[in-house]
Structure formats: C-alpha cells, structure tokens
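Visitor: Could you walk me through how to read a model like this one?
Guide: Gladly; let us take it feature by feature.

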Amino acid sequence: MAPRAIAMLKDAALTALVTAALGIFIVGFRTIDVGSRTGLSFDYELTDLAVAVIVVFLGRLGLSLAAAGLRWPVIALGVVMVAAGVSPMKLPSGFLHWFVALGGALLVLRGIWPWADRAVAVASHTSGGRLVQEIGAKWLGWALLAVAVVLPFTPLADQKTMDLGVLILTYVMLGWGLNIVVGLAGLLDLGYVAFYAVGAYAYALLSTQHGLGFWAVLPLAGMLAATFGILLGFPVLRLRGDYLAIVTLGFGEIIRLVILNWVDFTNGPAGIGSIPGPTLFGAVFAETAPAGRQTVAEMLGIPFNSNHRLIFLYYVILVLALITNLFTQRMRRLPVGRAWEALREDETACKALGINPTNTKLTAFAVGAMFAGFAGSFFAAKQRFISPESFTFIESAIILAIVVLGGMGSQVGVVLAAVLLIGLPEWFRELGNYRMLAFGLAMVLIMVFRPRGLIGHREPSIRLHPVASAGSG
Amino acid sequence: MAAPLIEVEHLTMRFGGLVAVDDVSFIGRPREITAIIGPNGAGKTTVFNCITGFYRPTVGRLLLHGDRDYLLERMLGHEIGQRARVARTFQNIRLFPAMSVLENLLIAQHNKLMRASGYSIFGLLGLAGYKTAENAAVELASHWLKRIGLLADADRPAGELPYGAQRRLEIARAMCTEPRLLCLDEPAAGLNPRESAELNQLLVSIRDQDGVGVLLIEHDMSVVMNISNHVVVLDYGRKIAEGPPADIQRDPAVIRAYLGTDDSDSSPHQGQRSLNEGDGRA
C-alpha cells in the first residue's frame, strides 16, 4: 500500500509543479499601468498561484485515488474542497472561491461517477428504460408548458424574470425553427440569424415607414424570410456538411453587411428606433394612447401597470413558439417531414426512391426561415429598436448550440437547452466575465455525459404497434 | 416470350480514360430475373448506376417500356424512381437507420402520399383524404413486412436490425415504390446459406406474384443459377456471354474469364472452378 501511496503523491506533486511552472507567468504576475511616464509595471499575485497549485495537487491526488477504486476518500476530499470554496476564508478574488468549490464538485462527481454511469447505462440500454425516457420526455414537455403558462401569475414574475422568460422563449422558438433545418433535414445552417434579421427589419421598416401594425406584418415577415430561405437554398442545394455550413455562414454575413451598409434603406449601424409594439385588438400598451387609439388599460377597465406590456409580450411569444412546435410536430407526421428526416439519413437512397431532394431541401429551408422571420418581427416589436449588432454570427452559433445540445430533432430538448444556455448566463451575471467560462463548461459537460444531446431519443412519427407492446419488443 | 421491359443498347460509360462499361447491350423482361455477373470491377454496378440515373451514360440508350416509353439516360435521378418506376437496392445497405422500419417503408411511398396530402396543405389541416391514403400506405407496408418476416419489428429503428433483415428490408422498401423494374445490387452478399435460400424464395415470389422485372447483380452462384431466367456476363466492361443459366455454365468464354466461386477471397482470374460447384450448394 505504501509504495502506491508514495507514487500517487509523487504524481500529484509533479502535476502541481507543472502547474506552478506554467502558472507563474500567467497567474503569478500581473501587469499594472503605473502612469504615462513609467509605463507598465507588474505586481505579484502569488496567493492566487498557491491556491491554484494546491487545487491541482488535490485534484490530481483525487483522480489517482478514484482510479484506484477508493471512492469514499475522493468524495470526502471533494466535499472538503467545496466547503473550503464556500467558506468565508479570505482569498484575493471571488473567482478563487469558485475555482476551489468547482474543483471539489468535480471530484465529488468523479467519486460517484461509477454509480451514476451504471444507472445511466441501465436507464438507456434496456427497453424498459427507453420507455421511461419516452414517457419522461413527454411528461416533461407538458410540465414545462404548464410552468410557462402560469409563470406570469406567480409571485416570481417580477420584471427581470419576465424579461428573461421572453428572451428564453424567443430562443426556444428560434431553436424549434432551426431544428427543422438542422435536426430534421440535417442541413447544417450557420447563417440562421440572417432570416431572423430579415423578419426584424421587415417589421421595423414596414411599421415605421408605412404604418403597418404588428399583426399585419407578421405573416408578411414570415413570407419574406421564407423567400430568402429559398434564395439561400438554391445555390447550396448540391452542398453537404462542411461546405454547406460555410456557404450558409457566408450568407448570414452578407445579409448583416448589406443591412450595415445600405444606409438609405436600413439606416445602417445607427439602427431603427421607435418601432411600435404589438397591439391587443388595436389597443396599445402605454400610459396614454395616441390620438384615435385606446390603451389596453382603458379597454379592459383596469389600472395601468407597466408590467402588462411585458406579460402580453410573454404570451405572444409563447403562442408563436407553440405554433412553431405544433406545426413541426404535424409536419413530422406528414410525408414531407418524413422525407426531411430521410434526407438527413441518406440522400442517395432518397433519390433512388424517387424523392426530389431539391424540393425537399427547399421546403425545409423555407419553413425554417419562415419561423425565424416571425421571431424576428417579434424581436423588433419587443425591443422597439434594432441594429445590425443584434444579428451577428454568435446568435446563429447560440441557436445552433441549443439545437445540438438539446438533441437533434428533439422538441423538448430544445427547451431544456434554451433554458440552460440562455437562462444560466443571465442568472450567473454575478460571475462577471467568468460566466462565459461556466457556459463553456456546461457545454463540455453536456457533450461528455450526453453526446447525443440532452434528449437523444427519437420517437417514430408513426407506430404500427401501440406503445405498450413496443416496450417488450 | 414477353415483350422487353428494359432495353439497354450500346451502353458505354467512360470516366476520363477509363472505360468502365464498353458497348453493352441486353434486354430485361417483365416476370423474369435477369442476372448480371462478372468478376469484381467488370462494370456491373456502373450499369446499374446508369440505369437508375446516378451516372449519365457516355454513349447508349436505355429504353424502359411502361405506361409509355422512358428514355432513362435523359431523366434526372429521382424522376427515374418517380415516373419510370425503377427501384434499386445498394451493394452497401442504404436504409434510413435512425428511422423505424415502418417509416422506411412509408418514405418509399412518398410521391403517392405527397399527392394525397395536397403537398402537405390538406395534411396539415388534418383532412380525411390524407388519413385514408396513409392507412392504405401502412397497409401496403404491413403486407411487405409480413412477406419479409419483420412485422413484429415494425417500430424498431432500421439500423438496429440484424444484417440479413436489413437486406430484406431494403428489398421491401424498393418494392413499396411499386416498381416495374427492380435492380438488386448483390442482395445475397454476407448472407448465410439459409438466408440465401430465403432470399431466393422472396425474389421468385416478387417475379411471379408481383410481376416485376428484376435485374440482379450477384456473386453467389447458388442464387444466380437457381432463380435467374437469363444471365448476362461482363468482363472488363464488355459483354462476353449471354443466355440461360445452363448455357452460361458451359460457355467456354465465361469459364475462361470468370468462374463463380463461393470463396470471395479467391482472385477471379485464378479461381478456376466449375460453376456447377456453386450451383450444388443450394
């Protein structure tokens, strides 16, 4: 036993040494600006370095212990580290607390991993487990819907929560729209935000310059975005995989650059302001109505409250998102939806079966783009100000991440991923710059533990035998 | 003898300097199995790819007699399946692995269902017409699942099926397109003798009951010699012999060029064995 323990300690010490050597320049020194005459100087941050070295030492030791099958010491070590991280111990920065606690949490996870692994394996590899997963996903979907519907009436519904709710639902809708293109049809689209921009600018321009209302523009914006989807679709029909991704990426950038530079039409980088919000049967959400209009508060005979507008927006986006979902679910059960999925699986086989890949791909692009157009109009109406900055590549990347992490093609998965990817960074704003680190960590963890996405199960669009007998098969 | 179903005339396919198929002509008839055999690299699959529109032939005419005459060499890949009703399977199985067995068979009936769903518009509205068409499609799919013995597996992902079942499913999927001509690219590859015998029965029933013309590429001589009505032999892209299986077995040119072996690893030009040997295995 003793030689092994010494070997473990040696190993951990070596790792700590490497950390110290690497970290001394990255963490140990900090350049500071001491004024214009002398320029830069530096400061020592050796406490930070020491903490890092200790955490790495303990972490490496813990991993060795776990590899040797000593589960409880690892868990104990992890718990001690978490406790140290959250204790009021004096450390130079808040981040170090997080660092220590996170290291400990990872060790605890590593300690319980063999059990969790076995449980997951049992759950996903038996037919009974699959049935549980199926029913679980369905049940989870209804539960999430119930929460979404009652949320504005709960005491939780302050302005911050409702804002976040609207934001998450917008991304859920975009995720569901992109899911048609990427998840069902398997066409990797990195420029999805372009259609979102088309929808947003369609509403912004038509409302501010032609006085059209939100509900009139909504279908127009959808159709316009769908047209752009087909326009993008034609040149990329013959492309697959990486090549398709690059061209769609370029398309997204082209739309953004056109918006940015066509100043006469779009007002360029200055953006478009004072876009009217959506109305409820012609009534506006404001304290005083413009001439000839009514406020919602007057129409309903209730006292004015600035939260009403937010709650209304929340329900508008909820309904729009649900329409997207219902439409997609319905399409999946129709021949065109099945052809989308078949195209994802094997395009050559599709051709041999007499399916026209051109039309099938174009419908997927058009339908996906249409929902982005709807979401874009909503975004413009909610923000009341849009500029090209809202439609950068990172938006496309986030929407794609939502689809991929949710599990390609899974509708409930998209909701979970949107809550995780949009909600968490908002809640973790206190972490400051490190929140993107947490974001990245969450993505890595999902990909490690659930490589096929949060919900990787695929329910057939039609069954010959009812579900009960499928469980035994 | 029935009128021809497909007439392949002077088919030539060149890839740059390589002549993969060189002036090949033959005829396939309805209710007959026409086998195309030949050593590896003889150009058999290239002939199939030309017939099914994956390649456009350099020279030649491919005439299919259906409700009217179709010139396949002028049609786009998917139109050949849709209008001329030529279905095919692939040497390396190409199912839709993540989709269920039943879904695979419904996708084969895509064009019929698309029309019934009013190009999705009636279907989205949930009109009854589409429901009836879908039920009929499921009925046809069940019929084929019964025939290939996979009815109980209808809701499983196709990719989970054992190899032999995937081969049968691919044939059933091709048959669900209700073809006039069925092109099978090595359907018996990787099957054990019992599965091979079952495949023979299935192909014979497709020929006799469904009245479909079959083009068959196959190395397994127990399949070729037992069920085909007509055999075309290719070597280095050229047709070297043609005739009923019994004649092909005695043809000196065929014996010289290529002899069916049941060992796939023996080099085709050295494995000098009698075709009767493979025949006896069935």
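Guide: A residue is called buried if 20 or more other C-beta atoms lie within 10 Å of its own, exposed if 12 or fewer do, and partly exposed in between, with C-beta atoms placed from the backbone. By that count, 38% of the 473 residues of chain A are buried. This is a predicted model, where local features need pLDDT of at least 70 and side-chain atom pairs count only at pLDDT 80 or more, while totals for chains, interfaces and linings use all residues. Residues are numbered from 1 along each chain as its sequence is written, and chains are lettered from A, with ligands numbered from 1, in the order in which they are written.

Visitor: What does the secondary structure of chain A come to?
Guide: Helices (H or I, at least four residues) and strands (E, at least two) are DSSP runs, numbered from the N terminus. Chain A has 19 helices and two strands. Its C-alpha trace spans about 80 × 75 × 50 Å along the principal axes.

Visitor: Which domains does the assignment give for chain A?
Guide: Domain bounds come from an automatic or database domain assignment. For chain A this gives domain 1 (2–125) and domain 2 (139–472). Taken over C-alpha atoms, the centres of these two domains of chain A are 39 Å apart.

Visitor: How many residues of chain B are in contact with chain A?
Guide: Two residues are in contact if their C-beta atoms, placed from the backbone, lie within 7 Å. On that basis, 32 residues of chain B are in contact with 28 residues of chain A. Helix 2 (77–84), helix 3 (101–107), helix 4 (110–116), helix 5 (121–125) and helix 6 (128–147) of chain B each supply at least two residues of the side that touches chain A.

Visitor: And how should I read a sheet?
Guide: Strands of a sheet pair through backbone hydrogen bonds, either parallel or antiparallel. Here, two strands count as paired if DSSP finds at least two bridges between them. In chain B, four strands form an open sheet in the order 2-1-4-5, with antiparallel pairing. Strand 2 (18–28) and strand 5 (69–71) of chain B are the edge strands, each pairing on one side only.

Visitor: Over how many bridges do strand 1 and strand 2 of chain B pair?
Guide: Strand 1 (residues 6–15) and strand 2 of chain B pair over seven bridges, in the antiparallel sense. To see one bridge, find B:Glu7, whose partner in strand 2 of chain B is B:Ile27.
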